[in-house]
Amino acid sequence: MSRLDQLRGSGRAKRHNARTIAALTGNPGCNRRAVLDAAGVDKLKLAERVGFPGGFGQSRFALTRGNAFEAMLKADDCALLRSVLDVDLGIGYQDLGADDDDTLGARHDRTAELLAGATAALVDHPLLTLDVAGQTVYLEPDLIAYAHQGRLQVVEIKSFAILDGQAESAKVSAAAVQAAVYVLALRALLERLSLDPSLVSHDVVLVCPENFSLRPIAVVLDVRKQLSTLRRQLSRLASVDALAAALPGDLSFDLALDPAALVAALGHIEPRYAPECLSACELSAFCRSEAAGSTAALGRSVRESLGGIETVEEVLALASGEREPTEEQAEAAAMLRAALRLRTEVLP
């Protein structure tokens, strides 16, 4: 049994998907998340076990709207989607279906055959794989399309609206990172097929409802930046053995353990909490409680501005002059005292 398996304990490894892989880019400096994800620990169940349950995933309304929008686009051999993508009606379409776990390997093989033979220009329900910390992760893009002189493009269908040419930046950013996961997996597949991975375009197509209707609109996103970040994060997970080896030999996150034991175990791995974690990590509520009173809990910009000052109590003491700053804290202390003086003048 590997060290990571020992850390996970008796539970089955939590299988990654495109959303969880994309979430790795949200906080690249968090050792806690790196170890738990590499070990396949179910963080949602772990959070519940230690008393900090959280609600994650899409709402039922969003799922229903998304499924209806996708079904409408793909009806009649993707007739509506073809018009949005400007794909000729004579171009081939292949639906590989959504199979269960027992036939994942077969569907992945069929995807590889289609891509190798270029026998379909629109591939629905394709199945790709990506290696994440030694685990083979199965990924299912919404669609793969041949476009732009034979290059492959990933097509992502999302149910959030594009209003007057603009969409919520956080949702677009999340969609771009998720699409980048698929691009990475698709390029890896072409390499295994001895094909040129650059045949996969770094431009992905995002199809969303326009304004307040279900009328679709397509926008193109360049995901080169997201690809670079993903590669760094995946390489970090692959080398997480060094972090795991430095932990106590009897450390375990087995969900059968007492909650107090699990809390103590979490204390052995350094977190890097930021408010942004609340929308991306199942353990964020626990880490926020743990970080209470620290400058880190106020966000990355505060933490970076107050480098070397770990607690809010110390910040207040330096600002009021009750404590003399060290040489490393001198610049931050001067800024804090100026901020306090301005606040006092505004709010006497």
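This is a predicted model: local features need pLDDT of at least 70, side-chain atom pairs count only at pLDDT 80 or more; totals for chains, interfaces and linings use all residues.
Good morning. The buried residues of helix 13 (residues 312–320) are Glu-314, Val-315, Ala-317, Leu-318 and Ala-319. Here, buried means under 20% relative accessible area, exposed means over 50%, and partly exposed lies in between, with a 1.4 Å probe and protein chains only. Helices (H or I, at least four residues) and strands (E, at least two) are DSSP runs, numbered from the N terminus. Part of the cover over the buried residues of helix 13 comes from helix 14 (330–346). After helix 13 comes Gly-321, which has a positive phi, near 85°.

Residues are numbered from 1 along each chain as its sequence is written, and side-chain values use heavy atoms, with hydrogens and water left out.

The term pLDDT is the predictor's confidence in each residue, from 0 to 100. The chain averages 85, and 93% of the residues score at least 70. Which element has the lowest mean pLDDT, and which the highest? Strand 5 (residues 143–147) has the lowest, 78, and helix 10 (residues 259–266) the highest, 95.

Now the chain as a whole. It has 14 helices and eight strands, and its C-alpha trace spans about 75 × 55 × 40 Å along the principal axes. Of its 348 residues, 44% are buried. A contact means heavy atoms within 4.5 Å. Among contacts between residues at least 6 apart in sequence, 61% join residues at least 24 apart.

Next, the interior. In soluble globular proteins, nonpolar side chains tend to be buried together. A nonpolar core is a set of buried Ala, Val, Leu, Ile, Met, Phe, Trp, Tyr and Cys residues joined through side-chain atoms within 4.5 Å. In the largest such core, which has 72 residues, Leu-7, Ile-21, Leu-139, Phe-253 and Leu-283 touch the most other members. Helix 7 (residues 169–192) contributes the most to this core, 13 residues. A second, separate core has 14 residues, including Val-87, Leu-122, Ile-157 and Val-205. To return to Leu-283, its contacts are Arg-32, Leu-36, Lys-43, Leu-46, Ala-47 and Leu-266, leaving aside residues up to four places away in sequence.

On a 1 Å grid over the protein atoms alone, a cavity is a set of points where a 1.4 Å probe fits but cannot get out; a pocket is an open set with protein on both sides within 12 Å along at least five of seven lines; and lining residues have an atom within 4 Å of a point. Grid points are joined across faces, edges and corners, and a volume is the space filled by probe spheres set on the points.

How many cavities of 30 Å³ or more does the structure hold? There is one. Among the residues lining the largest cavity are Asn-27, Cys-30, Arg-33 and Gln-233. Helix 3 (31–39) and helix 8 (224–238) are the elements that each give two or more residues to this lining, and helix 8 supplies the largest share, three residues.

The second largest pocket has a volume of about 270 Å³. Of its 17 lining residues, Pro-271, Ser-294, Ala-296, Arg-303 and Glu-310 are the closest to its centre. Thank you.
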